[in-house]
Amino acid sequence: MFNLLLSKGSETRESLATETKFPFAKKFLSASHPLQLRHTVLCVLLSLLFLMACSPSNRTEFLTPFELSSFLKHHIQELPGQTVKFQILDFDGEPIPHEVLHFEWTEGGRIGFQTEQDGTITMQFEKDMLENKVMVFAKSEDAKIRVIW
């Protein structure tokens with residue numbers, strides 16, 4: 001902890017800062033004008049918001065069949081409402097056009113959906129999907145499934 005006494009002309013400011021938590025505190029606190037400090041902080045916050053907005057959406061890849069309700073419970077915040085995109089990829093990571101994505105219930109029953117030209121299919125799920133044990137897999141054995149939400 002250090003006590004920082006700043007003076008410029010007739011103006012004197014005293015500030016308390018923690019050197020270990022804020023190593024750049026001296027630099028920011030020694031700004032020549034209080035508005036300059038606010039401007040710097042505002043620029044940093046806007047930069048962080050911009051980076052978060054430009055970051056890619058959440059995604060994961062499965063090489064083997066996976067359980068849908070477990071995935072939804074851990075990754076999807078809003079049911080219904082949030083879209084989930086499935087993309088089927090080959091061994092090299094290239095999309096497989098018009099591949100079939102299967103959903104198989106452990107109690108019995110299976111349904112398949114054909115993907116678009118880019119190997120994707122977009123879905124939204126209701127809350128009751130959390131109660132069902134459904135396995136998701138691609139028709140091709142060596143294909144992997146990328147899930148984007």
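I began with ring pairs, taking rings of Phe, Tyr and Trp (its six-membered ring) to pair if their centres lie within 6.5 Å, with planes under 30 degrees apart counted as stacked, over 60 as edge-to-face and the rest as tilted. What I looked up is a predicted model, in which local features need pLDDT of at least 70 and side-chain atom pairs count only at pLDDT 80 or more, while totals for chains, interfaces and linings use all residues. Residues are numbered from 1 along each chain as its sequence is written, and side-chain values use heavy atoms, with hydrogens and water left out.

**Aromatic rings**

I found that ring pairs link F62, F66, F71 and W149 into a cluster, and that the count under this rule comes to eight aromatic pairs. One of them joins F62 and F71, whose ring centres are 6.1 Å apart and whose planes stand at 80°, so I noted the pair as edge-to-face. The rings of F71 and W149 have their centres 5.3 Å apart and their planes at 80°, so this pair is edge-to-face as well. I then placed both residues, using helices (H or I, at least four residues) and strands (E, at least two) as DSSP runs numbered from the N terminus. F71 lies in helix 3 (residues 68-75) and W149 in the segment after strand 10 (144-148), so their pair ties together parts that are 78 residues apart in sequence.

**Helix 3**

For burial I used relative accessible area with a 1.4 Å probe and protein chains only: buried means under 20%, exposed over 50%, and partly exposed in between. F71 is buried at 4%, and W149, at 16%, also counts as buried. In helix 3 I listed L68, S69, F71 and L72 as the buried residues. Seen down the helix axis they fall within an arc of 160°, so they line one face of helix 3; the arc is that of the directions from the axis to the C-beta atoms. The face turned away from this buried side carries the exposed residues K73 and H74.

**Sheet**

I counted two strands as paired if DSSP finds at least two bridges between them. An open sheet of four strands has the order 4-9-6-7, with antiparallel pairing. Strand 4 (66-67) and strand 7 (110-114) stand at its edges with a single partner strand each, so one side of each is left without a neighbour in the sheet. Five bridges join strand 6 (residues 100-105) to strand 7, and I noted that E104 stands opposite R110 in strand 7.
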